[in-house]
Amino acid sequence: MENTSAPKIEIRKKPLKTRILKYKWFYLMFVPVLAFVIVFYYTPMVGIRYAFTSYKLIRDPVFVGLKNFQRLFALPNFWTAFYNTLKLSIGKLLLNTGIAVILSLLLHEMASLKAKKLAQTIVYLPHFLSWVVAASVFQMLLSPTTTGLLNQLLLKLGIINKAIYFLGSSESWTSSYFVINVWKDTGWGTVIFMAALSAIDPGIYEAASIDGAGRWKKMRYITLPALSATILTVLILNLAKVMNLFESAFVLQNDAVMDKAQVLQTYIYYQTFNSGGIPDYGYTTAVGLFKSIVGMVLVLICNYASKKVRGRGIV
Amino acid sequence: MKNNFEAANPANQRHAGKKIGVFHIINGLFFLVFCFLILLPLWKVLVDSFDLTTGYGMKLFPEKFGIAGYTSVFTNKSLYIPLINSVITTVSGTMIGLLLSTLGAYVLIQEDMPGRNMLAFVLLFTMIFNGGMIPTYIVLRKLGLTNTLWSVILLPAINVYNLVLMRNFFEGIPKSLFESATLDGCTPMQTFIRIVLPLSKAALASIGLLFAVAYWNDYTNYKLYITKETLYNFQMKLRSIMMGSDLPQANNGAVENTVQNAAVIVAIIPFMILYPILQRYFVTGINMGAVKE
């Protein structure tokens with residue numbers, strides 16, 4: 001949040017009215033920004049009241065109290081989606097961050113600056129491709145048919161004797177999902193750690209060398225502690241976004257793997273736009289409200305943790 | 001920004017005088033393999049897009065080279081409109097996005113402005129809590145924006161995260177410049193256009209790129225708000241090609257897979273060409289967020 005905790009040394013030379021007048025042009029400049037935020041963020045918040053109604057667009061919403069939530073909590077599908085959301089988001093967060101830290105440490109140790117730059121350019125690349133492209137690429141690469149590179153390779157090496165349907169079977173979908181996420185985003189995840197690493201005073205390394213510390217000891221006692229604050233920051237910031245998982249799961253899922261791939265956002269999507277019958281917007285709003293509240297609680301916990309750990313809130 | 005920083009930082013120069021040991025060789029080999037694994041999936045798509053045989057399997061070079069996959073893609077008129085839609089939304093969305101981000105950021109750095117903290121809170125609160133997918137859909141529908149390109153242009157244009165990045169950058173501009181501009185008789189708008197924007201070219205470039213990539217890659221907003229096929233962007237089109245429901249007619253000996261691979265390459269090639277030149281701006285952008293640390 002804004003820095004409200006700082007001691008306020010306000011020297012009010014002029015009355016409020018004069019100061020407001022002084023800034024009148026700035027208020028005017030803020031109008032477009034405010035208009036966008038109100039229309040696209042705050043008006044939908046008013047729509048949360050539909051969560052307590054039955055709302056089928058053609059008719060006016062009818063108040064039903066907490067019925068939507070009762071229906072929701074009684075559905076096993078809903079709990080599966082909730083569990084999958086947490087599993088996939090937190091799993092990929094820990095996996096991506098862990099590998100990104102190791103990658104950064106190794107990148108940092110690279111002998112040639114040119115090679116380092118080249119490696120960085122390459123590992124950042126997949127982050128900027130869309131999820132549709134990533135899904136398309138891996139759909140072909142992991143295909144069980146003769147066009148799928150990985151299956152053909154494993155068959156030829158004799159590691160498997162029957163092609164695996166990596167994205168089409170419940171057993172392998174989750175691990176495939178994690179691998180694709182690592183491919184796409186881990187490289188980009190190193191950016192923030194590389195910045196933290198280049199800020200470490202080289203004098204400390206020199207002093208350690210003189211004291212006889214080897215590469216491993218330097219990494220263990222200097223580099224990693226220096227990174228720990230950044231690692232925590234990254235984890236906390238991303239934990240706040242855990243509930244929003246949508247696109248990556250949506251483009252990689254298919255009917256055969258829904259028990260593993262259905263997350264809350266995709267559940268809302270299918271219930272509203274692809275349910276076959278007349279969608280009840282009230283019900284899907286209720287699912288969304290539940291999701292938002294869990295998300296907000298996570299943010300507040302993270303904000304509290306953030307204040308404890310690094311002395312200031314998230315934003 | 002990062003490049004200068006790195007060059008100036010002795011931490012990176014310490015490698016220079018060091019002799020290259022076994023560790024460095026293993027480390028180098030590791031990155032060789034890692035980069036190979038990152039590029040392999042994309043290389044495979046490129047190879048297969050030029051291969052006219054049916055079962056490519058393990059080949060890392062085309063067996064029967066031909067460009068029929070690409071002629072199938074480019075002679076297919078149903079792909080022109082999605083490409084045009086992608087360009088329209090990317091260009092106009094990026095402009096509006098930059099306008100809102102710079103205006104908002106400029107107002108938020110006015111320290112003495114009454115109500116500044118409240119305005120900042122109004123923006124930041126949206127990062128914590130939002131109405132959710134369905135209420136947002138209902139609002140856009142009631143405004144008559146669904147099934148128009150306005151929905152996919154205007155909604156992503158307000159991006160609080162990018163606005164905060166921009167504010168962090170603006171905070172680095174010396175306050176004295178604003179004061180002297182005011183003394184010279186500049187109105188706030190004139191200061192904004194003549195002082196702030198010209199000094200922020202790097203920030204405009206990197207945040208503009210963040211917007212452009214997001215617009216070009218957008219799929220979720222189209223999926224939610226657009227059902228009319230004539231308004232699809234290239235990502236939507238690519239998706240339906242991959243799902244097999246909308247495959248362009250394969251011709252000149254191209255098989256289905258070749259066409260799909262060619263379509264993926266067409267979707268990423270503009271970016272792949274620009275990427276090596278633009279890469280440093282992306283890194284600048286993310287480091288701007290870290291400036292406040």
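Predicted model: local features only at pLDDT ≥ 70, side-chain atom pairs only at ≥ 80, totals over all residues.
Local features are given where pLDDT is at least 70 and side-chain atom pairs only at pLDDT 80 or more, while totals for chains, interfaces and linings use all residues. Residues are numbered from 1 along each chain as its sequence is written, and chains are lettered from A in the order in which they are written.

**Figure 1. Chain A as a whole.** Chain A has 14 helices and two strands; helices (H or I, at least four residues) and strands (E, at least two) are DSSP runs numbered from the N terminus. Its radius of gyration, taken over C-alpha atoms, is 25 Å, well over the 20 Å that the globule rule gives for 315 residues, so chain A is more spread out than a compact globule. That rule is 2.2 Å times the number of residues to the power 0.38. Along the principal axes, the C-alpha atoms of chain A fill a box of roughly 80 × 75 × 35 Å. Of the 315 residues in chain A, 41% are buried (20 or more other C-beta atoms within 10 Å of a residue's own, with C-beta atoms placed from the backbone).

**Figure 2. Chain B as a whole.** Chain B has 15 helices and zero strands. Buried residues are 39% of its 293 residues. Of the contacts in chain B with a separation of 6 or more, 75% are between residues 24 or more positions apart; two residues are in contact if their C-beta atoms, placed from the backbone, lie within 7 Å.

**Figure 3. The interface of chains A and B.** In chain B, 82 residues are in contact with 79 residues of chain A. The chain B side has 53 nonpolar, 24 polar and five charged residues. Here Ala, Val, Leu, Ile, Met, Phe, Trp, Tyr, Cys and Pro count as nonpolar, Asp, Glu, Lys and Arg as charged, and the others, Gly among them, as polar.

**Figure 4. Helix α5 of chain A against helix α3 of chain B.** Helix α5(A), residues 113-124, packs on α3(B), residues 22-49, at an angle of about 25°, with the axes 9 Å apart. This makes α5(A) roughly parallel to α3(B) (angles under 35 degrees). A:A115, A:A119, A:I122 and A:V123 meet B:G28, B:F31, B:C35, B:I38 and B:L39.

**Figure 5. Helix α2 of chain A against helix α5 of chain B.** The axes of α2(A), residues 24-46, and α5(B), residues 80-108, lie 9 Å apart at an angle of about 130°. From α2(A), A:F26, A:M29, A:F30, A:P32, A:V33 and A:F36 meet B:L100, B:L103, B:G104, B:Y106 and B:V107 of α5(B). The contact has ten nonpolar residues, one polar and no charged.

**Figure 6. Residue A:V37.** A:V37 is in helix α2 of chain A. A:V37 is buried, with 22 other C-beta atoms within 10 Å. Neighbours within four places in sequence aside, A:V37 is in contact with A:Y42 and with B:V122, B:L123, B:T126 and B:I158.

**Figure 7. Helix α6 of chain A.** Helix α6(A), residues 131-141, is mostly covered, with eleven of its eleven residues buried. Among them are A:W131, A:F138, A:Q139 and A:L141.

Methods:
Buried ≥ 20, exposed ≤ 12 C-beta atoms within 10 Å, placed from the backbone. Axes fitted to C-alpha atoms, helices over the stretch in contact; angles between N-to-C directions. Parallel < 35°, antiparallel > 145°, perpendicular 65-115°, else oblique.
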